[in-house]
Amino acid sequence: MNYKIRKVAILGSGVMGSRIACHFANIGVQVLLLDIVPRELTDTEKAKGLTLEHKIVRNRIVNDALHGVIKSNPSPVYHSKVVERIITGNFEDDMKDIASCDWVLEAVVENLDIKKKVFNQVELHRKPGTLISTNTSGIPIHLMLDGRSDDFKTHFCGTHFFNPPRYLKLLEIIPTELTRTDVVDFFMHYGDRYLGKTTVLCKDTPAFIANRIGVYAIMEVLHAANELGLSVEEVDKLTGPVVGRPKSATFRTADVVGIDTLIKVANNLVVDAKYDKSKDMFVLPEYLKKLDENKWYGDKSKQGFYKKTKNEKGETEIQSLNLKTFEYGVQQKAKFATLEATKPIDDLSKRFPILLAGKDKAGDFYRHTFFGAFAYVTNRIPEIADHLYQIDEAVCAGFGWEMGPFEIWDTLGVPNTLEQLKTAGRKPATWVDEMLASGADTFYKTENGVRKYYHIESKTYKPLPGSGEIIILDHIRKNSKVWSNSGATLHDIGDGILNLEFQTKMNTMGSEIVSALNKSIEIAENDFRGLVIGNNAPNFSAGANLAMLLMFAIDQEFDEIDMMVRAFQKTMMRVRYSSIPVVTAPHGLSLGGGCEINLHADAVQAAAETYIGLVEMGVGLIPGGGGTKELTLRASDAFEKGDIELNTLQNAYMNIAMAKVATSAAEAFDMGIFRKNDRISINERRQIADAKQRAVELADMGYTQHTQRKDIKVQGKSGLAMFHIGASSMLRGQYISEHDKKISEKLAWIMCGGDLSYPQLVSEQYLLDLEREAFLSLCGERKTLERIQYTLKTGKPLRN
């Protein structure tokens with residue numbers, strides 16, 4: 001069947017139900033969100049004279065839940081307007097409306113009896129042939145089918161979202177034996193293409209895949225901490241970014257998610273994983289039992305492995321729990337020789353061999369925990385998954401790991417590590433020995449740019465599903481390189497399109513990136529059809545190399561700064577006015593110069609999670625790479641469409657003056673950073689492929705090189721007066737400093753075209769010259785240097 005999702009019903013408005021509803025609204029789907037009817041009035045309702053029959057009372061639970069989630073941080077929505085797509089109601093009055101929905105998703109409390117009661121109501125109103133699923137995180141899916149109709153059974157599936165659904169990319173699809181194949185295929189496809197998820201096909205086994213493996217890995221860590229006498233701080237130092245895991249690592253993550261949740265999952269697995277020979281690992285260590293007795297569950301109870309307090313000076317201080325004495329104390333800095341040895345190594349795959357070869361307690365910890373995890377995952381095939389890549393994808397997407405267990409094992413060398421596992425008393429599955437005997441010595445390999453995994457049943461390598469539809473630069477690196485320098489690599493990604501990949505720290509833009517941009521455009525103009533600028537790193541670009549700028553400014557090398565700014569401006573104009581289409585693919589942080597390059601591209605293919613803005617004011621500067629010019633140009637174009645001129649210009653000015661950053665690609669459209677013809681990739685893994693397709697489209701349409709603009713309307717003195725009055729008022733109200741006022745007036749000078757007597761038309765180069773002059777003058781200000789130094793040290797802006 002050709003399933004189409006126009007409207008979704010979410011049954012249950014708890015934290016997960018409301019957040020899932022928000023994410024469907026994010027992608028443009030109409031949502032019906034329902035929950036139970038309250039049985040008692042609140043004091044406020046009584047005071048208003050309301051009764052249990054009033055609609056506002058009957059929908060109180062669902063409305064309060066949704067409003068609470070919308071106010072949460074980080075936000076579950078791309079833009080505040082998407083909430084308008086959500087209609088709320090209750091099970092008694094509005095369950096009939098699910099008949100108009102294409103997908104009914106149950107997300108009530110984790111209680112089988114309650115879920116069955118809800119499904120009884122669903123059967124009365126659901127239209128035959130529509131999709132039905134449950135968001136359970138652990139209740140066996142097949143147990144929910146008792147008493148259900150045949151049509152319900154064949155269209156029913158588990159769809160396990162991870163919290164928060166907007167940010168965590170995993171969607172586990174758990175069919176039963178009765179689920180139609182086309183239903184499973186649709187869920188896998190829709191989750192990937194429309195919800196932006198890594199969809200993983202799971203078996204109906206305890207905790208499915210991600211929680212089964214992820215919680216096992218956590219329990220390995222908790223037991224190892226006990227056995228090796230490691231502190232809370234030491235464990236979190238060992239299990240965070242150094243091994244490609246989130247900064248919150250192990251104990252801090254447990255506090256955030258809820259220690260009670262971890263305890264519940266672990267206890268359930270001890271009971272439910274009947275045939276798991278390693279299930280004793282899920283038995284709680286004594287200190288976890290004591291936390292449970294004390295009801296110290298982390299953030300929700302104000303204390304867990306960490307506790308926020310006030311010190312003698314009244315300052316907020318986060319203390320850590322001593323796992324032996326159960327007293328809180330000042331955190332101690334964790335240091336290990338093994339970690340020191342990996343500091344110069346940015347490549348995670350090259351870090352693991354050093355970590356597991358460590359001769360100190362850190363090395364002991366890594367061997368203990370990773371060897372245990374390696375053996376465990378091999379023995380879960382085919383119990384919880386048929387293929388090894390499904391385990392890696394699930395834990396990476398569900399727990400935020402950069403590499404899965406099989407990928408990590410590959411970095412260590414499978415044959416040698418297997419022998420170490422056996423020597424350590426770990427017992428991996430026999431299929432690993434059989435793999436090595438067949439001549440295969442890695443779990444993954446790349447051939448001709450195609451990523452393949454070891455297929456256990458056939459003892460051969462097979463392409464990863466969907467590998468032909470996505471472009472991962474690491475997978476094609478060996479065969480795709482056209483050119484490179486110390487900061488970037490230019491790849492041939494097929495169909496006449498190149499991709500320039502930034503490779504500096506945080507992908508900051510210095511002279512090597514400027515050189516790479518010019519060289520890439522030159523090569524593309526001579527021998528190719530188009531250029532994509534994108535990468536698979538966590539961030540597109542954090543902006544200009546401030547350290548280099550600071551060095552020149554301190555030494556008063558203003559000629560060097562002038563040359564640097566001129567070169568950057570010329571490069572941005574080369575991006576805009578080349579003879580081939582240039583498409584950018586921003587994601588994550590895209591700040592300052594990283595924003596300016598997107599402003600000058602022919603088209604933008606943005607990831608949904610793009611945090612973009614011109615933030616130079618935060619370090620005491622103005623955007624000097626064409627960003628100020630470009631927002632002025634776009635404001636001028638809006639004048640022609642009938643917008644009120646000064647209001648439009650003021651909006652553009654405030655985006656720069658407030659160093660505003662869009663918290664999603666959707667917000668960037670509102671800010672005028674993205675244009676109507678720019679596009680969004682909901683699934684970031686598909687972004688470079690989507691950007692390539694956009695470049696092909698532009699080339700096929702007969703791309704023509706543009707000419708520089710000379711028709712930009714600026715306001716002159718009338719605009720300057722407005723901005724100067726505003727800045728003076730802000731200073732008097734103590735909202736800004738004297739230095740902020742000076743920067744804002746220089747920004748206004750550029751955007752109004754200088755001290756012109758009346759509104760008139762100017763060229764792009766005219767505005768670029770004003771921009772460069774203002775930038776240079778601010779580089780000589782002491783307070784600007786202080787701001788740059790502070791930002792380089794702390795990563796935060798300084799207001800001085």
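Phe326 sits in the loop between strands β10 (316-321) and β11 (328-330). Helices (H or I, at least four residues) and strands (E, at least two) are DSSP runs, numbered from the N terminus. This is a predicted model: local features need pLDDT of at least 70, side-chain atom pairs count only at pLDDT 80 or more, and totals for chains, interfaces and linings use all residues. Residues are numbered from 1 along each chain as its sequence is written, and side-chain values use heavy atoms, with hydrogens and water left out.

**Overall build**

- The protein has 33 helices and 25 strands.
- Its radius of gyration (taken over C-alpha atoms) is 29 Å, close to the 28 Å from the globule rule for 800 residues, so the protein is as compact as a globular protein of that length.
- The globule rule is 2.2 Å times the number of residues to the power 0.38.
- Along the principal axes, the C-alpha atoms fill a box of roughly 80 × 70 × 65 Å.
- Take contacts (heavy atoms within 4.5 Å) between residues at least 6 apart in sequence: 69% of them join residues at least 24 apart.

**Surface and charge**

- Of the 800 residues, 54% are buried. Buried means under 20% relative accessible area, exposed means over 50%, and partly exposed is in between (1.4 Å probe, protein chains only).
- The protein exposes about 35000 Å² (Shrake-Rupley method, 1.4 Å probe). Carbon and sulfur atoms supply 52% of that area.
- There are 99 positive side chains (Lys and Arg) and 102 negative ones (Asp and Glu). His and the chain ends are not counted.
- The centres of the two charge sets lie 2 Å apart. Each charge is placed at NZ of Lys, CZ of Arg, CG of Asp or CD of Glu.

**Nonpolar cores**

- In soluble globular proteins, nonpolar side chains tend to be buried together.
- A nonpolar core here is a set of buried Ala, Val, Leu, Ile, Met, Phe, Trp, Tyr and Cys residues joined through side-chain atoms within 4.5 Å.
- The largest core has 113 residues; Phe305, Tyr366 and Trp431 touch the most other members.
- Helix α9 (residues 210-228) gives the most to this core, with 10 residues.
- Leaving aside residues up to four places away in sequence, Trp431 touches Thr378, Ile381, Leu388, Phe406, Phe443, Tyr454 and Ile456.
- A second, separate core has 54 residues, including Leu546, Leu599, Leu720 and Ile743.

**Backbone features to find**

- Most residues other than glycine have a negative phi, and most peptide bonds are trans.
- Phe326 has a positive phi, near 60°, and is not a glycine. At 10% relative accessibility, Phe326 counts as buried.
- Ala207 also has a positive phi, near 65°. Look for Ala207 in the loop between β8 (198-201) and α9. Ala207 is buried, at 9% relative accessibility.
- The peptide bond from Asn163 to Pro164 is cis, with omega near 0°. Pro164 lies in the loop between β6 (156-161) and β7 (170-175).
- Another cis bond joins Ile381 and Pro382, with omega about 10°. Pro382 lies in the loop between α16 (361-379) and α17 (388-399).

- Val283 belongs to the loop between α12 (259-272) and α13 (286-294).
- Val283 is partly exposed, with a relative accessible area of 35%.
- Not counting residues up to four places away in sequence, Val283 touches Met219, His223 and Val270.
- Val283 and Arg772 are 489 residues apart along the chain, and their C-alpha atoms are separated by 64 Å.
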